[in-house]
Amino acid sequence: MEVKVEQYHDWWFDNAIEFLGHLLEELGVNVEWRDGIVFDALNDEQLEMLVERIEGLIEPKLKYPRENEETGSIEKRWRVYLPLTASNKHGSYKFKYLSGFLGKEPTLKKRVVTSLLSDLITEKKKEKICEICSRPTPFDLEETTQGVYPVANNNLKSLNGVRSMKTSFKNCLLCSFLGYIEWLDNIPFVWYMDVKGNNKTDYTYYLYPKIENIQELHIFKEMLREVLTERKYSNIVVMRGERERYASEGYSLLLSLFENMVRNIKDIERLEDIFCDRWICLFIEKGRVRYTNLEEIKIPNIKSIEKIFRKLRKPYSNLIDKTFAKSLKGDIDNDLSRENKYLMSKGIIMDDFKVFAKAFQIRQNCILAGVSKDMLDKLIYSWRCEE
Ligand SMILES: [Zn+2]
């Protein structure tokens, strides 16, 4: 018997289906990529291995290392900005912390994957309709949480308006399984927190490739997985001498990702072939509820980015990352420095010189410093003057 998980044509769930296909291929399952994924129903051993694999990803993906100030030992802490906090009180610490599918004990996880991916499909009549995937399901529907779909509104009217005018909607077992495992996927991200660990600036950006053809999405993401390096704050590292640095918002993150791809992928003829031109930028801010926001980035002209890369090799780390905002009195303004990096990165990615040039205006009595004149000349020449 074949199992087919059909594409949703939605950035979140299609990335989740691709991730499930990737996990299955890792287990040696033969996956066909057509409008979703198709494979032979999993046997007991394969189900067991899939649960083990998912279980094994929870800690490395959802925790980060932090040094204990008193003892100096390294502790693993939960990435608390993620909307995955549990309401269940039972089980060991892991299952107590996490909600939904990820918070279930392995035996219960296996029960879920068995009823979705094996030939033990329930005989019950499919009488309920899922409000996310619109498919009939024999299972009970559950209230959609941000763990299932990050932009779900958590029943707050003020955060409403993503998929319907209702304050809440309900999803099926498959949607909930896919939504939760997507948090374990290797997706470019940066977690920004100021030096003092101030909550007010504790936020994260994730970049999801938006590619309609799921097979192409799979090829692109396999390439992406090769270039990402997991660190506490990000999986895209920008080197400044010996120091590791990270971007602080979505556009700088995308530009530094492109840099990493150019550096790590061998034999590139045209950057157009390896750069994806549509992305969904997910912003998550830690607060009493996790506030999420989406921005779609449609790159208008990959060729223009390619030209800049040919000339400057690393436009982000060699130019943008080195800049900072300095007041006329000489003090450094960190917020404005971040904003300037955002303007320059966005200008290059969106092929918009006006946005780029804004970083050079005097604002709040601050000027842009740290710019290499030579690099800037090269950039402007290749971007604006060369044919
Ligand atoms: Zn569904």
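## Domains

Domain bounds here come from an automatic or database domain assignment. On that basis the protein divides into domain 1 (2-183) and domain 2 (186-385). Taken over C-alpha atoms, the centres of domain 1 and domain 2 are separated by 29 Å.

The structure is a predicted model, in which local features need pLDDT of at least 70 and side-chain atom pairs count only at pLDDT 80 or more, while totals for chains, interfaces and linings use all residues. Residue numbers start from 1 along each chain as its sequence is written.

## Contact between the domains

Domain 1 gives 20 residues to the contact and domain 2 gives 19 residues (two residues are in contact if their C-beta atoms, placed from the backbone, lie within 7 Å). On the side of domain 1 that touches domain 2, α1 (11-26) and β4 (63-67) each supply at least two residues. Helices (H or I, at least four residues) and strands (E, at least two) are DSSP runs, numbered from the N terminus. The largest share of this side, six residues, comes from α1.

By class, the side of domain 1 that touches domain 2 holds eleven nonpolar, six polar and three charged residues. Ala, Val, Leu, Ile, Met, Phe, Trp, Tyr, Cys and Pro count as nonpolar, Asp, Glu, Lys and Arg as charged, and the others, Gly among them, as polar.

## Residue E18

Helix α1 contains E18. E18 counts as buried because it has 26 C-beta neighbours inside 10 Å (buried: 20 or more other C-beta atoms within 10 Å of its own, C-beta atoms being placed from the backbone).

Apart from neighbours within four places in sequence, E18 is in contact with I214, L217, H218 and K221. E306 lies 288 residues from E18 in sequence and 28 Å from E18 in space, C-alpha to C-alpha.

Notes: Buried ≥ 20, exposed ≤ 12 C-beta atoms within 10 Å, placed from the backbone.
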